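Here are my comments on the model, as numbered points. Please read them with the structure open.

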Amino acid sequence: MKSRILTLAILAMVLLPMSAGAQNTKEKQLATIRESYAGAMEMLEMKSDPEYPAKDKIVITSDEMWPGSGQHNGKMEIFFGLDLNQENDEIQRFPRFARYTYNIGSQNYYYEVLYIDLDNGKPETNKPIFFYAKTKDYNGKIHECRYYWWNEKLIKEIPADDPEMVPSAEDAMKTAKMIFQIATMNDLWNY
């Protein structure tokens, strides 16, 4: 019995520092995400200045009439960095931040996606790290959620009070990847 207690105590002493190290790493990742978001907000402020030259963004808008829900308007803004692909001397884009607003009937939706470029311009290292969703329901109540990722793994979630009103973490990641694909369609944007 004493050896079992001693074994459990030793196991706890070994695992406790490992758990603390993992928590410390997660806090560092969250701090990096928050710092990157603050940098993206500064970038948006700077690029909103009419005197600022190129905005380095793609804007896609939609204006449609949907059966059953009426007028549908959407606007996606993708702010990106640029790099020269050394293999084929083409400009390649990598998203840094995206905003997407749209409506379905009288409900309005707003999404933000933040990306991090860990290797300065290599598409395979450019990953989504943050997703924010906000919508207003038919009663005027606002629903929000936030997802924090590192290497495409969810490390923190601030869920909405009504999960039906916002995308799930999986759907948010799909949206972030879809926006990435739009921004990096070099054959479309380079000609």
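**Notes on Glu77 and the cores**

1. Glu77 is part of strand E2, residues 70–85. Strands (E, at least two residues) and helices (H or I, at least four) are DSSP runs, numbered from the N terminus. The model is predicted: local features need pLDDT of at least 70, side-chain atom pairs count only at pLDDT 80 or more, and totals for chains, interfaces and linings use all residues. Residues are numbered from 1 along each chain as its sequence is written, and side-chain values use heavy atoms, leaving out hydrogens and water.

2. Glu77 has a relative accessible area of 10%, so this residue counts as buried (under 20%, with a 1.4 Å probe and protein chains only).

3. The side chains of Glu77 and Lys57 are joined by a polar contact of 3.1 Å (a pair of N or O atoms within 3.5 Å, where one must be able to donate a hydrogen and the other to accept it). Beyond its neighbours within four places in sequence, Glu77 is in contact (heavy atoms within 4.5 Å) with residues including Ile58, Phe97 and Arg99.

4. The largest nonpolar core has 25 residues; such a core is a set of buried Ala, Val, Leu, Ile, Met, Phe, Trp, Tyr and Cys residues joined through side-chain atoms within 4.5 Å. Ile78 and Val113 are among those with the most contacts inside it. Elements giving two or more residues to this core include E2 and helix H2 (169–183). H2 supplies the largest share, eight residues.

5. Overall, the protein has three helices and seven strands. Of its 191 residues, 34% count as buried.

Notes
Buried < 20%, exposed > 50% of the residue type's maximum accessible area, 1.4 Å probe, protein only.
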